[in-house]
Amino acid sequence: MGLLARLMRAKKKDAWLPFLCSSCYEFRPGEQMRALPWWNTDAGAFFMKYNCPSCFDKSLAETEQRIEHWDADADKEFRSFLEIWNVLKYFPDVQGASIQETAKNVLRLVTESKGKALAVLARVRA
Ligand SMILES: [Zn+2]
């Protein structure tokens, strides 16, 4: 059984803490949390963004756009995001030939898990 499946099963034993959606600023039950890398233009960096199901798709599209329009800043900052969140330790399969390719793989993981993969990762870090 993969790490994600194990962690998601473990989650059911204890309630997720409520969280604040980074887009609509509404409090939601923790099990609705979606998490993804998201580019903040003001800070010039990728952050872990927490969204409710209603706001998730828009953020995902924005991150897709940022990854399509890759540059040296994106490369440097996504590398940093991977390190801060230990992404490659928990999800080694997302490793690509380049940081941009790795970013695309991370986004695929986020999409396929409906935002749960990195939400679980955020919880491991807590
Ligand atoms: Zn929201």
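The protein chain has an average pLDDT of 90, and 85% of the residues score at least 70. Helix H5 (residues 99-112) has the highest confidence, with a mean of 98, whereas helix H1 (residues 3-11) has the lowest, with a mean of 62. Where pLDDT is low, the predicted coordinates should not be read in detail.

Consider H2 and H5 to begin with. The axes of helix H2 (residues 53-68) and H5 come within 10 Å and cross at roughly 165 degrees. Since angles over 145 degrees count as roughly antiparallel, H2 is therefore roughly antiparallel to H5. On the H2 side, the contact is made by Leu60, Thr63, Glu64 and Ile67, which face Gln100, Ala103, Lys104, Leu107, Val110 and Thr111 of H5. Five of the residues in this contact are nonpolar, three are polar and two are charged.

The pairing of H3 and H5 has its own geometry. Here the axes of helix H3 (residues 72-84) and H5 come within 9 Å, crossing at roughly 55 degrees, which means that H3 is oblique to H5. From H3, Asp75, Phe78, Arg79 and Leu82 meet Ile99, Gln100, Thr102 and Ala103 of H5. The residues of this contact comprise four nonpolar, two polar and two charged.

Definitions and conventions
Residues numbered from 1 in each chain as written. Predicted model: local features only at pLDDT ≥ 70, side-chain atom pairs only at ≥ 80, totals over all residues. pLDDT = per-residue confidence, 0-100. Helix = DSSP H or I, 4+ residues; strand = E, 2+ residues; numbered from the N terminus. Axes fitted to C-alpha atoms, helices over the stretch in contact; angles between N-to-C directions. Parallel < 35°, antiparallel > 145°, perpendicular 65-115°, else oblique. Contact = placed C-beta atoms within 7 Å. Nonpolar A, V, L, I, M, F, W, Y, C, P; charged D, E, K, R; others polar.
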